[in-house]
Amino acid sequence: MYGDTLHRNSRGFDARLIIQYLALVIIGWITIYSTCYTPDGANPIFDFSQAYGKQLMWIGTSFLIATVILLIDSKIIQHYAYYFYVFCLLLMVLVLFVGTEISGAKAWIKIGSFSIQPTEFMKVATALALAKFFNEGKTSSERRYKWLIALGLIGVPVVVVMLQHDAGSALVFASFVILFYREGLSAELLLVGLIAAFLAVFTLVLNETYAVALLTAVFIFFMVKNRTQKKKIRRNIIVYVISILFCFSVNMIYENVFEPHQKERIDTIFGKTSDPKGADFNLNQSKIAIGSGGMFGKGYLKGTQTKLKFVPEQSTDFIFCAIGEEWGFMGTLVVFGLFIMLIVRILSLAEKQRAPFTRYYGYGIAGIIIVHFFINIGMTIGLVPIIGIPLPFISYGGSSLWSFTTMLFIFIKMNDN
């Protein structure tokens, strides 16, 4: 009977996604082992006091989680989506009172020698909650406030994450814009978001005076262009005033919300400050490690930057450096390829789903993986500020691996193609 049940449940399992998942997890483990390796050879595989030993435990438990997900009824997942959301949200609030601070963020619950980060599971819970919300029939009031309610489902955990001083994780929740756009969010609103992001960066790099000057020039242009259209003139004035207020709020948020180490990282990436032995150190060492790998790398277990511990957090946030140093450009290309194939496969399957819930969920998790992937790699090569988020399936950490495994295998389970 058990065999028949497993056979029925496994007919829809997507082999490509499972293989890509296993490949990334294996790459992650051997890289974590390399970051802990010492030339004297005293590195037994089952040394659970080391990061690679602990990661092996996380991998084993992740496989157990994946198996359980594949065996349960997918209707249960959909039914309890809101309950899971509330549970994870309560855990995040609990962290504010009993949590442990690590790297400036109070976002972990410490259990013995292990630490659990509820925010990682909140990402999965939010994807499920949004999928359930979009899938349900709406009352006339809910249809009217559809996007406001959806934004609320994202905004509540973001507020809690910001209270934990974890700006990196908060930024990841913006990934759900991909789901919103797929489900009918106006392209004009997306354009407004991009313009706001540009204004924020422009204001931080220069100052409010230059931002106001730019906005005033654009405002005058549109006022002259629309001088005979009263409605557009009123709209232009409203947009201009809101934009001015936004620019002045950017520095206020920057000064009062971000932690000192986060401001240092932002200033470094925008070229406002230079501190080779301080804020710039991680980024400089990261670039050296990746660049020194050349085309084919120095060879496995032979990375000097890795072995001499020049790159901080090299098994977590900066694990991509170890891959670049030891496996070179070709190795990083393999990792890039695996992630791109994984993301494309999820989006492709999501688009083909007969069940809308699965389609919504697929776009939600694809967005999360995309943001994690591009921000993590971007910060190691200096394209984005160092905000500290893991590389999915590869970085050391139980919370990250458990959440991404749960995230992916829920989709594999619900896939009806």
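**Fold, core and local features of the predicted model**

His-165 lies in the loop that links helix 8 (146–163) to helix 9 (167–172), where helices (H or I, at least four residues) and strands (E, at least two) are DSSP runs numbered from the N terminus. The structure is a predicted model, in which local features need pLDDT of at least 70 and side-chain atom pairs count only at pLDDT 80 or more, while totals for chains, interfaces and linings use all residues. Residues are numbered from 1 along each chain as its sequence is written, and side-chain values use heavy atoms, with hydrogens and water left out. The phi angle of His-165 is near 60°, a positive value in a residue other than glycine. With a relative accessible area of 35%, His-165 is partly exposed; buried means under 20% relative accessible area, exposed over 50%, and partly exposed in between (1.4 Å probe, protein chains only).

A positive phi, of about 70°, is also found at Leu-301, which is not a glycine. Leu-301 belongs to the loop between helix 15 and helix 16 and is partly exposed, at a relative accessible area of 23%. Gly-299 is placed in the loop between helix 15 (281–292) and helix 16 (304–307), and its relative accessible area of 21% makes it partly exposed.

At the level of the whole protein, the secondary structure consists of 19 helices and three strands. Of the 417 residues, 47% are buried. Among contacts (heavy atoms within 4.5 Å) with a separation of 6 or more, 72% involve residues 24 or more positions apart.

Confidence is expressed as pLDDT, the predictor's confidence in each residue, from 0 to 100. The mean pLDDT of the protein is 83, and 87% of the residues reach 70 or more. The lowest confidence is in helix 1 (residues 2–10), with a mean of 42, and the highest in helix 19 (residues 398–414), at 95. Throughout residues 1–10 the pLDDT is below 50, and this stretch has five contacts in the model beyond near neighbours in sequence.

The interior was examined through its nonpolar cores, each a set of buried Ala, Val, Leu, Ile, Met, Phe, Trp, Tyr and Cys residues joined through side-chain atoms within 4.5 Å. The largest core has 93 residues, and those with the most contacts inside it are Leu-130, Phe-339, Ile-346, Tyr-361, Phe-393 and Ile-394. Helix 18 (residues 356–380) supplies the largest share of this core, 14 residues. Apart from this core lies another of five residues, including Leu-199, Ala-211, Ile-244 and Cys-247. Not counting residues up to four places away in sequence, Tyr-361 touches Val-124, Ala-127, Leu-128, Ala-131, Thr-406, Met-407, Ile-410, Phe-411 and Met-414.

Aromatic rings of Phe, Tyr and Trp (its six-membered ring) pair if their centres lie within 6.5 Å; planes under 30 degrees apart count as stacked, over 60 as edge-to-face and the rest as tilted. The structure holds 22 such pairs. The ring centres of Phe-134 and Tyr-360 are 5.8 Å apart and the planes stand at 55°, so this pair is tilted. Because Phe-134 lies in helix 6 (residues 118–135) and Tyr-360 in helix 18, the pair ties together parts that are 226 residues apart in sequence. Phe-134 and Tyr-360 are both buried. One aromatic cluster is formed by Tyr-21, Phe-63, Phe-393, Phe-404 and Phe-409.

Leu-70 is located in helix 3 (residues 51–71) and counts as buried, at 12% relative accessibility. The C-alpha atoms of Leu-70 and Lys-413 are separated by 5.4 Å, although these residues are 343 apart along the chain. Phe-48, in the loop between helix 2 (15–36) and helix 3, is partly exposed, with a relative accessible area of 41%. Leaving aside neighbours within four places in sequence, Phe-48 contacts Gly-53, Lys-54 and Met-57.

A search of the whole structure for disulfides (pairs of cysteine sulfur atoms within 2.5 Å) finds zero. Cys-36 is buried, with a relative accessible area of 14%, and Cys-321 likewise counts as buried, at 2% relative accessibility.
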